[in-house]
Amino acid sequence: GTDYLTIDTGQADVDVAVDVFLEQTKNAAAAGLVVRGSDAQNMERFLLQAEGPAVHVRVDSLVDGRHVDEVRQVWPTLRRGFTLRLVASGDELGYFVDGREVHRQQRTPRAGATLVGLLNGGGESSRFDNFEVRTAQ
């Protein structure tokens, strides 16, 4: 399953970043950021999933517990440490890995969707460091 640790920022426009280390064992490991959540069933998600000799970069929306509008990139790499950043400002969402933009999309914020935080899924618990939440400029 996937676990979420969220805080209510009171606003939808945020700039969120974290360093993650994917703790991959025999199971796939996933870790990432969530923004504009109203509960554990409704949010915008940005995550990395380590599977064998690759990392899957995933962007999706969770709507009533269903994954919609999923975008996935597969990077052949054994690296497991990354810095993720997600900027939600107005209708724009920008997704960054190690300072490089990997995706951008338009998404209208839902009313009252002000939760931001971390997600951990898959095998073992991944490690997080330097979690920062700022007002998006």
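Biologist: Is Asp-15 buried or exposed?
Modeller: Asp-15 is buried, at 13% relative accessible area. Keep in mind that this is a predicted model.

Biologist: Which side chain does Asp-15 meet in a salt bridge?
Modeller: Arg-85, with N to O at 2.7 Å. That pair links distant parts of the chain: Arg-85 sits in strand S7 (residues 81-89) and Asp-15 in strand S2, 70 residues apart.

Biologist: And how accessible is Arg-85?
Modeller: Arg-85 is partly exposed, with a relative accessible area of 34%.

Biologist: Arg-36, buried or exposed?
Modeller: Buried, at 3% relative accessible area. Asp-13 counts as partly exposed, at 28%.

Biologist: Switching topic. Where do Arg-79 and Asp-98 lie?
Modeller: Both are in loops: Arg-79 between strand S6 (66-76) and S7, Asp-98 between strand S8 (92-97) and strand S9 (100-106). They form a salt bridge, with the closest N and O atoms 2.6 Å apart. Arg-79 is partly exposed at 41% relative accessibility, and Asp-98 is partly exposed at 39%.

Biologist: Which residues do shared partners join into one network?
Modeller: Arg-45, Arg-58, Asp-60, Glu-70 and Arg-72, through salt bridges.

Biologist: How many salt bridges does the count come to?
Modeller: The count is 14 salt bridges.

Conventions. Residues numbered from 1 in each chain as written. Predicted model: local features only at pLDDT ≥ 70, side-chain atom pairs only at ≥ 80, totals over all residues. Heavy atoms only, no water. Salt bridge = Lys/Arg side-chain N within 4 Å of Asp/Glu carboxyl O. Buried < 20%, exposed > 50% of the residue type's maximum accessible area, 1.4 Å probe, protein only. Helix = DSSP H or I, 4+ residues; strand = E, 2+ residues; numbered from the N terminus.
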